[in-house]
Amino acid sequence: MSERNGRDATPAEVAEVLTRPGERFVITAHHNPDGDAIGSILGLARAMRAAGRDVVLAHADVPAVPSDLLFLPAEGESFSPQLPDDIADRVLIAVDCATERRMWPEPVHEAARLIIDIDHHQDNTRFGDLNLIEPDASSTAEVLVGVIDAAGWPLTREVAEALYVGLVTDTGRFGYTNTRPRAHEIAARMIAAGVDPAAMSRRLFEEQPLDRLLLMGRALEGARALADGRMLAAVLTEDDFTRAGGDDCEGIVEVMRGVRGVSAAALVRESGPPGLYRVSLRSVDPRVDVAAIAREEGGGGHKAAAGFSTGRPPEDLLPWLEDRMRERLDANGAGG
């Protein structure tokens, strides 16, 4: 864990560092990056490079960019799996990363001269020297627009396209409860800058990889109704991934959450070394805080969308999840 004595910062204070002459930077995000993580990295990097900044992109995952976002990086926008050799002279900018433990397995980021933590997760641990955390923002992309504005940099089409991916995916196409007027105002600015929302929607939501759809079928076929039908849970194993020809699970738990009568959903999938599982939790009831459940296992996220990794086998994990969900649903009177 970090021993840095950091402090909260404003967009203007972060922008002051980003525009400081002679500074060099490396930008990274969390393990298993989503649209907000990759879009935020690329959007900020494009704005900074256009302003003449020395920026390196680094990410622990190989490949760093999920298959459904491969359309986003432009030629030359590559990610290094390691931090640069001159990390001790660089400012590390962590975007969309609630905790430092979600960057590299070892705390290699601590070698950075300065760490800036830019995020919108409510449970961010404020691990940076400067922490710009806006829990009310829809996405980290939304937070970064404030930084770019404070720096006086233009929101060009190239910058806006990357950040739009973060905005539209983290708001569930502007349908989640985190969608506030500012998200729409920023989207309007991005469209005015040249973003094509129809084309972006096709790339993000209508060009589904076959393995994802096959896994969705397997998850729904094997889903179990728990907590008197108010929770839907499914488990995907390595055997499912082999049969589907891939392990792309993006969007599956959101479909499960959309089943009529379901207040919460859990997708459990084998991930990493044998015996380790990744759990994604979603809620449609604003009174059910799935992030609180995730935190009990060392994870985190948002009130309506959270996750964690665990060594609990499914036969132990699912009853545990059902108990946690039932407690909240019954206490809140949410449908039962």
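Trainee: Which helix gives the most to the lining of the second largest pocket?

Mentor: Helix α6, residues 197–206, gives the most to that lining, with 3 residues; please keep in mind throughout that this is a predicted model.

Trainee: And which residues line the second largest pocket overall?

Mentor: The lining is made up of R46, F71, L72, P73, A74 and E161, together with G194, V195, D196, A199, M200 and R203.

Trainee: How does that lining divide into nonpolar, polar and charged?

Mentor: Of the residues that line the second largest pocket, 7 are nonpolar, 1 is polar and 4 are charged, and the space in this pocket comes to about 180 Å³.

Trainee: Switching to the sheets, what is the strand order in the open sheet with parallel pairing?

Mentor: That open sheet has 6 strands, which follow the order β1-β6-β5-β4-β2-β3, and its edge strands, each pairing on one side only, are β1 (7–8) and β3 (54–57).

Trainee: OK, and over how many bridges do β4 and β5 pair?

Mentor: Strand β4, residues 91–95, and strand β5, residues 114–119, pair in the parallel sense over 5 bridges, and within this pair L92 stands opposite I115 in β5.

Trainee: Which strands does α1 touch when it packs on the sheet?

Mentor: Helix α1, residues 11–18, touches β1, β2 (24–29), β4, β5 and β6 (130–133), and the direction of this helix makes about 135° with that of β5.

Trainee: What about α3, which strands does that one lie across?

Mentor: Helix α3 lies across β4, β5 and β6, and runs at about 120° to β5.

Trainee: At what angle do α3 and α4 pack?

Mentor: Helix α3, residues 140–151, and helix α4, residues 157–170, pack at an angle of about 145°, and their axes are 8 Å apart. On the α3 side the contact involves A141, E142, L144, V145 and I148, which meet V159, L163, G166 and L167 in α4. The residues of this contact divide into 7 nonpolar, 1 polar and 1 charged.

Trainee: Last topic, the sheet with mixed pairing: which are its edge strands?

Mentor: The edge strands there are β7 (224–226) and β11 (300–301), each of which pairs on one side only, while the order across the 6 strands of this open sheet is β7-β8-β9-β10-β12-β11.

Trainee: Do β10 and β12 run parallel or antiparallel, and how many bridges join them?

Mentor: Strand β10, residues 277–283, and strand β12, residues 305–310, run antiparallel and are joined by 6 bridges; in this pair, Y277 stands opposite T310 in β12.

Definitions and conventions: Residues numbered from 1 in each chain as written. Predicted model: local features only at pLDDT ≥ 70, side-chain atom pairs only at ≥ 80, totals over all residues. Heavy atoms only, no water. Axes fitted to C-alpha atoms, helices over the stretch in contact; angles between N-to-C directions. Helix = DSSP H or I, 4+ residues; strand = E, 2+ residues; numbered from the N terminus. Contact = heavy atoms within 4.5 Å. Nonpolar A, V, L, I, M, F, W, Y, C, P; charged D, E, K, R; others polar. Pairing = 2+ DSSP bridges. 1 Å grid on protein atoms, 1.4 Å probe; cavity = no way out; pocket = protein on both sides within 12 Å on 5 of 7 lines; lining within 4 Å. Points joined across faces, edges and corners; volume = space filled by probe spheres on them.
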